[in-house]
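These are my notebook entries on one protein chain.

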Amino acid sequence: MEHLCFYDDGGGACKATAKWHTKSCFICCHLRAMLRRLSTLQITRMRSFSALVQTKALVNGAWIDASNKETFAVSNPANGQVIGHVPNMTVDDAQDAIKAAKQAYESKEWRSLTAKDRSNLLKKWHKLIEANTQEIAEIMTAESGKPINEAKGEVVYGNAFIEWFAEEARRIYGEIVPSSTPNREIIVMKQPIGVAALITPWNFPLAMITRKAGAALAAGCTVIVKPSEDTPLTALAVAKLAEEAGIPKGVINVITTNKAAPIGQLFCKSPDVRGISFTGSTQVGKLLFRDSADGIKRVCLELGGNAPFIVFDSANVAKAVDGAMASKFRNCGQTCVSANRFFVQEGVYDKFVSQLKQRVEALKIGDGNSCDVQIGPLINKMQFDKVSGFVEDARSKDANIIVGGKALKELGPLFYAPTIVTDVPPTSQLYTEEVFGPVVSIIKFKDEEEAVQKANDTQRGLAGYFYSENLQQVFRVAKRMEVGMVGVNEGIISAPEAPFGGVKESGVGREGSHHGIDDYVDIKYICMGNLKYD
């Protein structure tokens, strides 16, 4: 290859003039080296976002492509731009991940670790996530549309589960039970179940992994993570940090795919997978529950909700409005514990609606990269169509839309205006189903009995909220609400120390708290007989 040269290395004097020459030129070689260093420096400066972005899946400690070499695009929902491609893994690839997780579980390297050893590994992982908060948040915002401040908050929140389960690893206690028979001891111990498959959603792409994987690793299990096709980059970034923390190969595996159904079925049917943990829709959860029945697997399901939010006449209305805003509009209303049906008592109805309307109209909507943005886009077109369809259904049934109720196409194809709908009929989809979007549905009620009856009139039972300053009413209503979690004068209830989960069709099992370990351990009873104490 020939290039422009200022030096004649063929014996002629340097004339410092442009001249075509061969690449043996000494000065040109030096210049090329300088340009390479400058290029490397420029790339390094740009890596604050990209350093943790992985383009391969993680199986058995290796970053690999799909066996068929297929990939799929990951797009920013705020503007539709493709931000990366990841492997579109197959069932065979998932089988390899199961094999790797089983081998790691049975390996001396993992099984010989003490509870303290596992705790220390989780602590190292926690510190690395903490040190990379900004980078992870930027990845999360880019692929989910979540406002950057919310994304940073999720990193802190999700990382708290790693910290919590690092501590819980050393508190998985057994028992010594007094025997009714002489010369016998009854010992009860807890042991890891083995390989666990973790299927996680897009709305909390870090926290839903750490809440599951933290518990599983603390108990001594190994895992395969199947993140949502909408947000795989956060999962891969967190897995990269787990690798850097020294967690042995095969203990954490990540399978990326946009063909979730056959891989989910494999997890349910494989005899080598002993536990399934899933966060997502009730419809998919039921399928996984059925498919896992043949293998009698341990199953933890955190499914959809239809959370009631009750405001009684005795409530502090200003605090109720604060709680409503926090519960409803976090992550653009795309949370499983988001308030869905607002029941407001007649005496405070007008005041509550007026104050809420002012707050909703003041929300800043836009690209999540802007620090002042409070509401980003919906995650994808399917979710956008669902939200807009629910609002139009309510409109057709004479509900009153007092704020929003429209697409914000000027911002992008997936932006929907924060919306308040009053006079919502019980036959509307907004009333009977989970909207999973920035829509407040308000229903007026007369007395406590009516409010509780309407709140419980659903097959879902994940979370519920109510505001009251009447202590007697607080205890009555908290006990009568048919949900797994109740927020009393509080709109944000999730915490690592508290058990997260629902009743009825909202799931089985609990995540977080010391109960979060239970789905990853078996209880073994050991009877020690013919002991000689005399």
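Entry 1: α5 and α9. I began with α5 and helix α9 (residues 232-244), whose axes come within 9 Å and cross at roughly 130°. The axes are lines fitted to C-alpha atoms, for helices over the stretch in contact, and the angles run from 0 to 180 degrees between N-to-C directions. That angle makes α5 oblique to α9. The classes are roughly parallel under 35 degrees, roughly antiparallel over 145, roughly perpendicular from 65 to 115, and oblique for the rest. I noted the crossing of α5 and α9 as right-handed. A crossing is right-handed if the near helix is turned clockwise from the far one by less than a right angle, and left-handed if anticlockwise. On the α5 side the contact is made by Trp 125, Leu 128 and Ile 129, and on the α9 side by Val 238, Leu 241, Ala 242 and Glu 244. Contact means heavy atoms within 4.5 Å. The contact residues of α5 with α9 divide into 6 nonpolar, no polar and 1 charged. Here Ala, Val, Leu, Ile, Met, Phe, Trp, Tyr, Cys and Pro count as nonpolar, Asp, Glu, Lys and Arg as charged, and the others, Gly among them, as polar.

Entry 2: basis of the values. I recorded that this is a predicted model, in which local features need pLDDT of at least 70 and side-chain atom pairs count only at pLDDT 80 or more, while totals for chains, interfaces and linings use all residues. Residues are numbered from 1 along each chain as its sequence is written, and side-chain values use heavy atoms, with hydrogens and water left out.

Entry 3: α5 and α7. The axes of helix α5 (residues 115-131) and helix α7 (residues 148-168) come within 8 Å and cross at roughly 165°. The two helices are therefore roughly antiparallel to each other. I noted a left-handed crossing where α5 passes α7. Among the contact residues are Trp 125 and Ile 129 of α5, and Ile 162 and Phe 165 of α7. By class, this contact of α5 with α7 has 7 nonpolar, 3 polar and 4 charged residues.

Entry 4: salt bridges. How many salt bridges does the rule give? The count comes to 22, a salt bridge being a side-chain nitrogen of Lys or Arg within 4 Å of a carboxyl oxygen of Asp or Glu. I looked up Glu 302 with Arg 211, where the closest N and O atoms are 3.4 Å apart. Glu 302 lies in strand β13 (residues 298-302) and Arg 211 in helix α8 (residues 207-219), so this pair ties together parts 91 residues apart in sequence. Both Glu 302 and Arg 211 are buried; buried means under 20% relative accessible area, exposed over 50%, and partly exposed in between (1.4 Å probe, protein chains only). A network of salt bridges links Arg 211, Lys 212, Glu 302 and Glu 511.

I then turned to Asp 522 and Arg 298, a salt bridge with its closest N and O atoms 2.6 Å apart. Asp 522 is in strand β24 (residues 521-528) and Arg 298 in strand β13, 224 residues apart. Asp 522 is partly exposed at 34% relative accessible area, and Arg 298 is partly exposed at 26%.

Entry 5: the whole chain. I found 17 helices and 24 strands, which are DSSP runs (H or I, at least four residues, for helices; E, at least two, for strands) numbered from the N terminus. Of the 534 residues, 52% count as buried.
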